[in-house]
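Let's walk through this fold together, starting with a strand pair and ending at the ligand.

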Amino acid sequence: MDRLFKNAVELSHKIIASTVGEGDIAVDATAGNGWDTVFLAELVSDRGKVYAFDIQEQALKNTEQKLKERNLSHRVRLIKDGHENMKNYISEEVKAVMFNLGYLPGYDRTCITRPSTTIKALGSALSLLKKGGLITIVVYTGHEGGMEESDSVMKFISQLHQSEWDVAVIDFPNRKNFSPYLAAIQKR
Ligand SMILES: C[S@@+](CC[C@H](N)C(=O)[O-])C[C@H]1O[C@@H](n2cnc3c(N)ncnc32)[C@H](O)[C@@H]1O
């Protein structure tokens, strides 16, 4: 059985895979341990390109390692800077931007994504998106500051004009322990 609603991360991959393909340009706004970067690099093929951002050296090391093991490094530009600065590095339109908010699993839990930079980055991501392009945001509420960030994200995506943007949220209401939810935006 293919579990469509296993969790927010897997659902984000299904949605992204429906739209991103060979030759596309995509962004991983929070590289972390590199799983989303690898996923995007595999989708875009040798003709495409992925930009991956993180502010932590450790995250970029972990991501680089995973890419090397899979011979995918040449498809990815790793950038040690905040995603709120993505427009300093990307000038072309992109097919997708993935956000996986919160902290780097297994490392410093106080180094988290924060409302003001997340919202600035979402604004930049919207402005870089191609028609039909996607933004996915995996949002966590269980850590300190998580609920505040979730409120900011919900407020931001709720005011996007429906004539330009399709916005959806999928939550997992019967899960225990603050399971993350998925927000997604498609440019019409
Ligand atoms: C939940 S993890 C990402 C998981 C990752 N997508 C994966 O597949 O393993 C969140 C990451 O966001 C990073 N982060 C925090 N603030 C950031 C910012 N302003 N810009 C870019 N990354 C940031 C953290 O360092 C952390 O590695």
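Strand 1 (residues 25-28) and strand 4 (residues 94-100) run parallel, joined by 3 bridges. Strands here are DSSP runs of E with at least two residues, helices are runs of H or I with at least four, and both are numbered from the N terminus; two strands pair if DSSP finds at least two bridges between them. Within this pairing, aspartate 28 stands opposite methionine 98 of strand 4. Keep in mind that this is a predicted model: local features need pLDDT of at least 70 and side-chain atom pairs count only at pLDDT 80 or more, while totals for chains, interfaces and linings use all residues. Residue numbers start from 1 along each chain as its sequence is written.

Zoom out, and you'll find 7 strands in an open sheet with mixed pairing, ordered 3-2-1-4-5-7-6. At its edges sit strand 3 (76-80) and strand 6 (165-170), each pairing on one side only.

Now for the helices. Helix 1 (residues 8-17) lies across strands 4, 5 (129-139), 6 and 7 (181-187), at about 170° to strand 5. Helix 4 (residues 115-128) lies across strand 4 and strand 5, running at about 155° to strand 5. Contact means C-beta atoms, placed from the backbone, within 7 Å.

What about the ligand? Of the 21 residues around it, Gly32, Asn33, Trp35, Gly82 and Leu104 come nearest (a residue is near if its C-beta atom, placed from the backbone, lies within 6 Å). Helix 2 (35-44) and strand 2 (49-54) are the elements giving two or more residues to this shell.

Definitions and conventions. Contact = placed C-beta atoms within 7 Å. Axes fitted to C-alpha atoms, helices over the stretch in contact; angles between N-to-C directions.
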